Amino acid sequence: MRNTARWATTLGLTAAAVCAPLAGAASAAAGSAPSALYAPSALVLTLGHGESALTTTPERAATLTCAPGPSGTHPAAASACAELNGVDGDLDALTMREGVFCTKQYDPVVVTVDGVWQGQRVSYERIFSNECVMNAHGSSVFAF
C-alpha cells in the first residue's frame with residue numbers, strides 16, 4: 001500500500017510540475033508562436049527515513065522546475081537548478097562538499113527524484129547514512 005501511495009503522489013506531482021509550464025503556452029493566442037522552445041526539466045523530490053524507497057513513507061516532497069526558469073515548491077529552486085545545470089542533471093555527480101564533517105551515526109535517509117531533465121526521463125534513488133551526509137551532497141538540491 002505504501003508503494004502505491006508513493007507512486008500516486010509522485011505521478012501527481014510530476015504531472016503538475018511538467019504540465020504547469022505548458023499551461024501558459026496553451027493559453028496563448030492561436031496565431032502566436034512561442035518565443036523559444038525548450039526541453040522540459042521538472043522533477044519531484046521525496047525524502048524519508050529508512051533503508052529503501054519501497055518500504056519508507058515519504059516525509060517531505062517538493063517539485064522543482066528548471067526550464068524555462070526555476071520554480072516549483074522547492075524552497076531554493078534557483079540555486080538547486082544552478083547546481084543541477086552545473087552537473088548536466090547528473091544527480092550522481094553531486095559530491096560531498098569539502099570541509100563538511102558529519103558524525104558516523106547511522107540514521108538512513110532515502111531521497112528519490114523522478115521526472116524529466118532536459119526532455120530525458122529521470123528516476124533516482126539514493127540512501128544517505130544520515131541527514132548531515134545528505135545535506136553535504138548537492139547543498140541546495142536536497143534542501144527541501
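Select β1 (41-49). This strand is mostly covered, with eight of its nine residues buried. Buried here means under 20% relative accessible area, exposed means over 50%, and partly exposed lies in between (1.4 Å probe, protein chains only). Strands (E, at least two residues) and helices (H or I, at least four) are DSSP runs, numbered from the N terminus.

Before moving on, note that the model is predicted: local features need pLDDT of at least 70, side-chain atom pairs count only at pLDDT 80 or more, and totals for chains, interfaces and linings use all residues. Residues are numbered from 1 along each chain as its sequence is written, and side-chain values use heavy atoms, with hydrogens and water left out.

**The sheet**

The four strands form an open sheet in the order β2-β1-β3-β4, with antiparallel pairing. β2 and β4 stand at the edges with a single partner strand each, so one side of each has no neighbour in the sheet. On average, neighbouring strands are turned by 15° against each other, direction ignored. Axes are lines fitted to C-alpha atoms, for helices over the stretch in contact; angles run from 0 to 180 degrees between N-to-C directions.

Now go through the pairings. Two strands pair if DSSP finds at least two bridges between them. β1 and β2 are antiparallel over seven bridges. Eight bridges join β1 to β3, again antiparallel. Between β3 and β4, also antiparallel, there are nine bridges.

Click on T46. Its bridge partner in β2 is A61. Its bridge partner in β3 is T112. Then pick V109, which stands opposite F128 in β4.

Show α2 (77-86) next. Where does α2 pack? On the sheet, touching β1, β2 and β3. The direction of α2 makes about 65° with that of β2.

**The core**

Select L64, L84, L91, V111, V113, V141 and F142. Of the 24 residues in the largest nonpolar core, these touch the most other members. Such a core is a set of buried Ala, Val, Leu, Ile, Met, Phe, Trp, Tyr and Cys residues joined through side-chain atoms within 4.5 Å. At least two core residues come from each of β1 (41-49), β2 (60-67), α2 (77-86), β3 (109-117), β4 (120-128) and α3 (131-136).

Centre on V111. Which residues is V111 in contact with, leaving aside neighbours within four places in sequence? They are T46, L47, Y124, E125, R126, F128, M134 and F142. Contact means heavy atoms within 4.5 Å.

**The disulfides**

A search of the whole structure finds two disulfides, each a pair of cysteine sulfur atoms within 2.5 Å. Counting bonded cysteines along the chain, the pattern is 1-2, 3-4.

Zoom to C66 and C81, joined with S to S at 2.0 Å. C66 sits in strand β2 and C81 in helix α2, 15 residues apart, so to speak of distant parts of the chain linked by this pair. Both C66 and C81 are buried. The link is left-handed, with -85° about the S-S bond.

Finish at C102 and C132, also joined with S to S at 2.0 Å. C102 lies in the loop between α2 and β3 and C132 in helix α3, so the pair ties together parts 30 residues apart in sequence. The torsion about this S-S bond is about -75°, so the disulfide is left-handed. C102 is partly exposed, at 22% relative accessible area. C132 is partly exposed too, at 31%.
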